[in-house]
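I opened my notebook today to look up a few things in this model. Here is what I wrote down as I went along.

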Amino acid sequence: MAVAAPLAGQVALVTGASRGIGAAIACELGQAGATVVVNYASSAEAAAAVVNRIEAAGGSAWALQADVADEAQVDSMVKAVLERDGRLDVLVNNAGITRDGLVMRMKTADWQSVIDLNLTGVFLCTRAASRAMLRARQGRIINITSVVGLFGNAGQANYSAAKAGVIGLTRSNAAEFAGRGVTVNAVAPGFIESDMTAELDQEPILKAIPLGRMGRPEEVAGAVRFLAADPAAAYMTGQVLQVDGGMVMR
Ligand code: NAP
C-alpha cells in the first residue's frame, strides 16, 4: 500500500527556498509530510508566501533567514532548527547564484562570490547539519548541482567549477557518512524555468534539449522527494541524478 506521507514526523531544511526550484522543493517535501524550514537570504515576503502555501495544503513550515555563505549564520540556522524542531532529517542544499562572464573579463569578486555561496555554502550547511544527523545515525543530504558541473559551459567558469565541486563534495561526504546511515546525493538540473534563467535566450537552449522544452521547478522537486523518501532511495548514496530533458546522456 502506498504511504501517503513518507516524510511524516521528519524535519527538512531547504536552503534558498523563497523562490524558484527551492520553493518547489519546500512545497513538495511539505506535501510529503515533513516540517519544512524555508531558508532565504533577503526575500522575507516570498519565503512567508512559501510557508503559507505549505500550510494551506495542510503541511507545516516556517521561514528562517540566513546567508549560507556565512559560517556563523549557518551554524546559528542549524542550531535554531534543532532548538525549535528537535531534529533534522533532510538537508537540501539548493541556494545558488550566477555571476556569468567570460574568464578573460571575469572579476575576481564574481569568481569568489559564486564559489563562496554555491560550493563553500554547501560545505558549511553540510558540516553543521551532519553533526546532528551522524549523532542520530540517519539523514538525507541532497545537493542541487547542475549539468554544467558535468560538462562545463562557456561564460560560466565560476558556476561550473562550483557545481563540479559540489559533485566531488557529494561523493566524498557520501563515503564519509555511509557508515552512520546518512546518505548524500545530488540532483543535476538542466535548464529550469526560474528567475535564474528568465533572461536567457531560449532558442539555442531548446535546440540542445531532446525533450524540447525547459524543465519546471516541480520536476526537480520530484527527484528531491524521491531521494528523501524511505525506502525508495535508502540504498542510494554518492549519486548524481540528472533532471535535464535528456540534455546530457552519458
Ligand atoms: P533562483 O530562482 O535565483 O533562487 C535562488 C534562491 O537562492 C532564492 O531563494 C534566494 O533567496 C536563495 N539565495 C541566494 N543567495 C543566498 C544566500 N546567500 N543564502 C541563502 N539563500 C540564498 O534560483 P533557481 O533557478 O531556483 O536555482 C536553485 C538552485 O538550482 C541553484 O543552486 C541553482 O544553481 C540550481 N540550478 C538551477 C538551474 C536553472 O535552470 N534554474 C539549473 C541547474 C541548477 P532570496 O530570494 O532571499 O534571494
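Before listing anything, I noted my cut-off: a polar contact is a pair of N or O atoms within 3.5 Å. I also noted that I am reading a predicted model.

I then asked myself: how far is an oxygen atom of the ligand from a polar backbone atom of Asn94? I found 2.7 Å for that pair. For Ile21, a polar backbone atom sits 2.8 Å from a ligand oxygen. For Ala41, I wrote down 2.9 Å, again from a polar backbone atom to an oxygen of the ligand. Next I looked up how much of the ligand the protein covers: on its own the ligand exposes 900 Å², and the protein buries 93% of that.

I listed the surroundings too. There are 31 residues around the ligand, and those that come nearest are Ser42, Ser43, Asn94, Tyr159 and Ser194.

**Sheet entry.** In what order do the seven strands of the open sheet run? I read the order as S3-S2-S1-S4-S5-S6-S7, with parallel pairing. Strand S3 (60-65) and strand S7 (240-243) are the edge strands, each pairing on one side only. From one strand to the next, I noted an average twist of 20°.

I took a look at the S7 end. Strand S6 (residues 182-189) pairs with S7 in the parallel sense, over four bridges. There I found Val187 standing opposite Leu241 in S7.

**Helix entry.** Which strands does H6 lie across? I noted strand S5 (139-144), S6 and S7, with H6 running at about 160° to S6. Helix H8 (residues 217-228) lies across S4, S5, S6 and S7, and runs at about 165° to S6.

**Two residues.** I picked Asn173, which lies in helix H6 (residues 157-177). Is Asn173 buried or exposed? Its relative accessible area is 10%, and buried means under 20%, so I put Asn173 down as buried. Leaving aside neighbours within four places in sequence, I found Asn173 in contact with Thr126 and Val184.

For contrast of place, I turned to Lys107, in the loop between strand S4 (90-93) and helix H4 (108-136). Lys107 has 57% relative accessibility; exposed means over 50%, so Lys107 went down as exposed.

Conventions: Residues are numbered from 1 along each chain as its sequence is written. This is a predicted model: local features need pLDDT of at least 70, side-chain atom pairs count only at pLDDT 80 or more; totals for chains, interfaces and linings use all residues. Side-chain values use heavy atoms; hydrogens and water are left out. Helices (H or I, at least four residues) and strands (E, at least two) are DSSP runs, numbered from the N terminus. Buried means under 20% relative accessible area, exposed over 50%, partly exposed in between (1.4 Å probe, protein chains only). Contact means heavy atoms within 4.5 Å. Two strands pair if DSSP finds at least two bridges between them. Axes are lines fitted to C-alpha atoms, for helices over the stretch in contact, and angles run from 0 to 180 degrees between N-to-C directions. A residue is near a molecule or strand if one of its heavy atoms lies within 4 Å of it. A polar contact is a pair of N or O atoms within 3.5 Å; within protein, one must be able to donate a hydrogen and the other to accept it, and residues adjacent in sequence count only if both atoms are side-chain atoms. Accessible areas come from the Shrake-Rupley method with a 1.4 Å probe; for residues, only the protein chains shown count as cover.
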